[in-house]
Amino acid sequence: MRKLSFALGIALVGAAPGWADDGPEKKPPAKDVAPAKDDAKEKDVAEQIQDVQTEFSKKAQGIVARYRAAEDNEERQKILQEYRSLQTEMNSQIAAIVDKNSDNPAIFPALQQLVQVPEQSAKATALLIKHHVSNPQIGTTCLMLGRQGVKDAEPLLRAVAEKSKSDEAKGLALLGLGQLLLSQADNEAADDTRREKLRGEAQEALKKVVRDYPDVKAFQRKAGDWASAVLFEVEHLSVGLPVPDLAGEDLEGQEFKLSDYRGKVVFLDFWAHW
C-alpha cells in the first residue's frame, strides 16, 4: 500500500522493490500477479488521491512562478487568491474520493489533511471516529490537532482516549486534548465560568497522562514530561488566573514583590541584554 504525505499537499509514491532471485524457479514480476481484492482497492484509492495531488502540483508550480514574477502587491494578492481557490478545489476533489471510500485504510492520510480544513474538518473528524480509531498513526494525529487548536477535532481526541486499545494512542490523545482545552480556555470569547470548566477538563486529561502514560513517546519527548509542563500553564499561566508572584530589586536597589501592587494596574516590561 502506498502512503501519502500531505506536508505540501503533494504525495509521492515510492516504487516497489523488484523480485529477488530465489534459485532456479524465479517468481514472476509483480505486474503479472493479481493483487488481493482489498489491496487492489486500497491501491486504486491511493492512486486516485495521488492523481488529484499531482494535478494540483502542476498548476501550483505555474502559480508560484507567476507570483515570483509579479511586479506589484495587487497582482500578488490576486495570484494568492487563485492559489487558495486551487487548494479549495483540490480538497473538494479529495473529499469526494473519501466520501466513496470512507472505511478504506488508504484514505487515512487524506483525512489527516481534511480534518485541518475548516470546511471539511467536522465531516473528516466523524469519519476518523467511525472507521479509523485503531489506525497506528491516530495518536500522533490527535497530538498534532491538539497542538494546533483544531476545535472540531475535540470529539476525535476524546474518542481515541476512550476507545483505543493502544496506550500510545491514548496517551497522545489525552496530551493533545489537554493542549486543545487550554487554548479554548485562553480564547478571548470565553467567559470566566467556561474558562474554569475548560481548565478543569484540561487538568484531568493532563494528570491522567502523567499518571498512566508518562513514558509514551511524544515526538522527541516523554508524554509525562510534556504534560507536566502544559499542566503548569493550566494551573498558573492561563488567562483569568492571578499572575504568579515575582520578587526582585528596582533600579534603586529596593526589594519589591509584584503582590505589593495587587489591585493596581501594573505594566511589566521584561528585557535583557547579553
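Average pLDDT for the protein is 86, and 86% of the residues score at least 70. Keep in mind that this is a predicted model. One stretch calls for care: over residues 1–32, pLDDT stays under 50. For those residues the model has 40 contacts beyond four places in sequence. Where pLDDT is low, the predicted coordinates should not be read in detail.

Let's turn to a pair of helices, H8 and H9. Their axes lie 8 Å apart, and the packing angle is about 155 degrees. Angles over 145 degrees count as roughly antiparallel, so H8 and H9 are roughly antiparallel to each other. The crossing of H8 past H9 is left-handed. The table shows who takes part on each side.

| Helix | Residues in the contact |
|---|---|
| H8 | Arg199, Ala202, Gln203, Leu206, Lys207, Val209, Val210 |
| H9 | Ala223, Gly224, Ala227, Ser228, Val230, Leu231, Val234, Glu235 |

Elsewhere, Ser102 is worth a look. Ser102 sits in the loop between helix H2 (73–100) and helix H3 (108–114). Is Ser102 buried or exposed? Its relative accessibility is 17%, and because buried means under 20%, Ser102 counts as buried. Apart from neighbours within four places in sequence, the contacts of Ser102 are Ile107, Leu127, His131 and His132.

Notes. Residues numbered from 1 in each chain as written. Predicted model: local features only at pLDDT ≥ 70, side-chain atom pairs only at ≥ 80, totals over all residues. Heavy atoms only, no water. pLDDT = per-residue confidence, 0-100. Contact = heavy atoms within 4.5 Å. Axes fitted to C-alpha atoms, helices over the stretch in contact; angles between N-to-C directions. Helix = DSSP H or I, 4+ residues; strand = E, 2+ residues; numbered from the N terminus. Parallel < 35°, antiparallel > 145°, perpendicular 65-115°, else oblique. Left-handed = near helix turned anticlockwise from the far one by under 90°. Buried < 20%, exposed > 50% of the residue type's maximum accessible area, 1.4 Å probe, protein only.
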